[in-house]
Amino acid sequence: MTVLRLRGVRKAYGTHTALDGVDLDVQAGEVVAVIGPSGSGKSTLVRCVHQLETIDDGAMYLDGELLGRRRVGGHLRALPEKAVAAQRRRMGMVFQQFNLFPHRTVLQNITDPPRLVHGRSRADAVERANELLTKMGLEDKASAYPRQLSGGQQQRVAIARAMATRPRILLFDEPTSALDPELVDEVLKVVRDLAAAGMTMVLVTHEMAFARDVADRVVFMEAGRIVETGPPAELFEAP
Ligand code: ADP
Ligand code: ADP
């Protein structure tokens, strides 16, 4: 079953083409690592899927549903912001810089978004958050503030937050790049556990060893295009 499908996706910033016709299918339970040189469009790719950027051309589908646009009498029109928000919460996104709210506790960081955007009861949201914190090994940090946590702990909270709405897919944009080297492993372990639990994921990373280890498929980008894709053993094989 295809969870995410991209067809001919194009995105330009002014005259600079960041995505130059990207086709990609991600199957349920699949972990796809996106690698490639700096500036090749990896971050733009996941940001477009999460609809933090609008694409110029092509189409993206989540579970077969067109993302960000709808067909009106043969033409594609932008979806209303509310509908975009509804699509966005069927995905979880994890950023390089954690993006936690500094003045909210760990628990609030996880429960706020689902409650605000999801209208779930407080009890539900808290139960879900505590369950996720336990899985992340952070059950004793619920009432701490982000600044009291290490970078690795903050990133695990960000992953818990991304999981709070029970997304169909998790998108990671260089989740370990801002971490001290000794904190990288604890975040990668959570990603590995999620992979083992069958979570569908697209992971932009420069951690080659990790990509080789955890990804079902590696996608190599260059100048806004996918130039190679295949199982890690094939792609990392010496020519
Ligand atoms: P990567 O993640 O592979 O390093 P990016 O997706 O961040 O690459 O960037 C792809 C290209 O698009 C780069 O040339 C970058 O400079 C450009 N770019 C990315 N974001 C913007 C932006 N907001 N405005 C202008 N150019 C951008
Ligand atoms: P559920 O509907 O079972 O609560 P979840 O959305 O919590 O599903 O998570 C999907 C799968 O990922 C489940 O099997 C869950 O146990 C697992 N999972 C969630 N978070 C983690 C984690 N941090 N480590 C390992 N497995 C996890």
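Which residue stands opposite Leu24 in β2? In this predicted model, that residue is Leu6. The pair belongs to neighbouring strands. Strand β1 covers residues 2-13 and pairs with β2 in the antiparallel sense. The pairing runs over 9 bridges.

These two strands are part of an open sheet of 4 strands. The order is β2-β1-β4-β5, with antiparallel pairing. Strand β2 (16-27) lies at one edge and β5 (65-66) at the other. Each of these edge strands pairs on one side only.

Strand β11 holds residues 217-222, and strand β12 holds residues 225-230. The two pair over 5 bridges, again in the antiparallel sense. Within the pairing, Val219 stands opposite Thr229 in β12.

Two ligands were examined in turn. The residues around ligand 1 are Tyr13, His16, Ala18, Pro37, Ser38, Gly39, Ser40, Gly41, Lys42, Ser43 and Thr44. By class, this shell divides into 3 nonpolar, 7 polar and 1 charged. Helix α1 (42-49) and strand β2 each supply at least two of its residues. Of the elements, α1 gives the most, with 3 residues.

Polar contacts to ligand 1 involve several side chains. An N or O atom in the side chain of Thr44 is 2.6 Å from an oxygen atom of the ligand. For Lys42, the corresponding distance to an oxygen atom of ligand 1 is 2.8 Å. A polar side-chain atom of His16 lies 2.9 Å from an oxygen atom of ligand 1. Taken alone, ligand 1 exposes 560 Å², and the protein buries 59% of that.

Ligand 2 has a shell of another make-up. The residues around ligand 2 are Arg128, Glu131, Lys135, Met136, Met163, Arg166, Asp193, Leu194 and Ala197. The classes are 4 nonpolar and 5 charged, with no polar residues. Helix α4 provides the largest share of the shell, 3 residues.

Side-chain contacts to ligand 2 come from Arg128, Lys135 and Arg166. An oxygen atom of ligand 2 lies 2.7 Å from an N or O atom in the side chain of Arg128. In the case of Lys135, the side-chain N or O atom is 3.1 Å from an oxygen atom of ligand 2. The distance for the side chain of Arg166 is 2.6 Å, again from an N or O atom to an oxygen atom of ligand 2. Ligand 2 exposes 530 Å² when taken alone, of which the protein buries 67%. The elements that give two or more residues to this shell are α4 (122-135) and α6 (181-196).

Helix α2 (residues 81-88) supplies the largest share of the lining, 3 residues. The lining residues of this pocket comprise 8 nonpolar, 3 polar and 4 charged.

Definitions and conventions
Residues numbered from 1 in each chain as written. Chains lettered and ligands numbered in written order. Predicted model: local features only at pLDDT ≥ 70, side-chain atom pairs only at ≥ 80, totals over all residues. Heavy atoms only, no water. Nonpolar A, V, L, I, M, F, W, Y, C, P; charged D, E, K, R; others polar. Pairing = 2+ DSSP bridges. Near = heavy atom within 4 Å. Polar contact = N/O pair within 3.5 Å; in protein donor to acceptor, adjacent residues only side chain to side chain. Areas by Shrake-Rupley, 256 points an atom, 1.4 Å probe, with all protein chains shown as cover.
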